[in-house]
Amino acid sequence: MEQTIELQIPIKWLAGVSNEPLMLQQIFRLGLHQYKLERALGLYRDGVGSLSYVAEQIGVSKRELIVEARNRGIEPEFSQEMILEELA
């Protein structure tokens, strides 16, 4: 059975936004996805692991994380081993 949570937010945060449940779910999904990207990039910058590793741990696409890193001026480091692993 899928678990759910309830979240209360100030009504003023919804200024100019429909408060229909599907719209609010979409907003939450987009925000959660953005948070995951930010978190993964932070872990990568902190040296926790490779982009591939942190993408897997956080639950985002490795390809998307690489693109987001480059958009922010973070050049992923690639070793010979990583390249061979990706080509396999």
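1. Helix α1 covers residues 21-45 and helix α2 covers residues 51-58. Their axes come within 9 Å and cross at roughly 140°. That angle makes α1 oblique to α2. The label "roughly antiparallel" is kept for angles over 145 degrees. Bear in mind throughout that this is a predicted model.

2. Next, the handedness and the residues of this pair. The crossing of α1 past α2 is right-handed. On the α1 side, the contact uses Lys36, Arg39, Ala40, Leu41, Leu43 and Tyr44. On the α2 side, Leu51, Val54 and Ile58 meet them. By type, the contact of α1 with α2 has seven nonpolar residues, two charged ones and no polar ones.

3. Helix α3 spans residues 62-71. The axes of α1 and α3 come within 10 Å, and the crossing angle is roughly 70°. The two helices are therefore roughly perpendicular to each other. From α1, the contact draws on His33, Leu37, Ala40 and Leu41. From α3, it draws on Glu64, Leu65, Glu68 and Ala69. The contact of α1 with α3 counts five nonpolar residues, one polar and two charged.

4. The remaining pair to discuss is α2 with α3. Their axes come within 9 Å and cross at roughly 120°. That makes α2 oblique to α3. The range for roughly perpendicular stops at 115 degrees. The α2–α3 crossing is right-handed. Leu51, Ser52, Val54 and Ala55 of α2 meet Lys62, Leu65, Ile66 and Ala69 of α3. Here the division is six nonpolar, one polar and one charged.

5. The largest pocket has a volume of about 460 Å³. What lines the largest pocket? Its lining includes Ile5, Leu7, Ile9, Leu14 and Val17. Pro21, Leu24, Gln25, Ile27, Phe28 and Arg29 are also among the lining residues. The lining divides into nine nonpolar residues, one polar and one charged.

Note on methods. Residues are numbered from 1 along each chain as its sequence is written. This is a predicted model: local features need pLDDT of at least 70, side-chain atom pairs count only at pLDDT 80 or more; totals for chains, interfaces and linings use all residues. Side-chain values use heavy atoms; hydrogens and water are left out. Axes are lines fitted to C-alpha atoms, for helices over the stretch in contact, and angles run from 0 to 180 degrees between N-to-C directions. Helices (H or I, at least four residues) and strands (E, at least two) are DSSP runs, numbered from the N terminus. Angles under 35 degrees count as roughly parallel, over 145 as roughly antiparallel, 65 to 115 as roughly perpendicular and the rest as oblique. A crossing is left-handed if the near helix is turned anticlockwise from the far one by less than a right angle, and right-handed if clockwise. Contact means heavy atoms within 4.5 Å. Ala, Val, Leu, Ile, Met, Phe, Trp, Tyr, Cys and Pro count as nonpolar, Asp, Glu, Lys and Arg as charged, and the others, Gly among them, as polar. On a 1 Å grid over the protein atoms alone, a cavity is a set of points where a 1.4 Å probe fits but cannot get out, and a pocket is an open set with protein on both sides within 12 Å along at least five of seven lines; lining residues have an atom within 4 Å of a point. Grid points are joined across faces, edges and corners, and a volume is the space filled by probe spheres set on the points.
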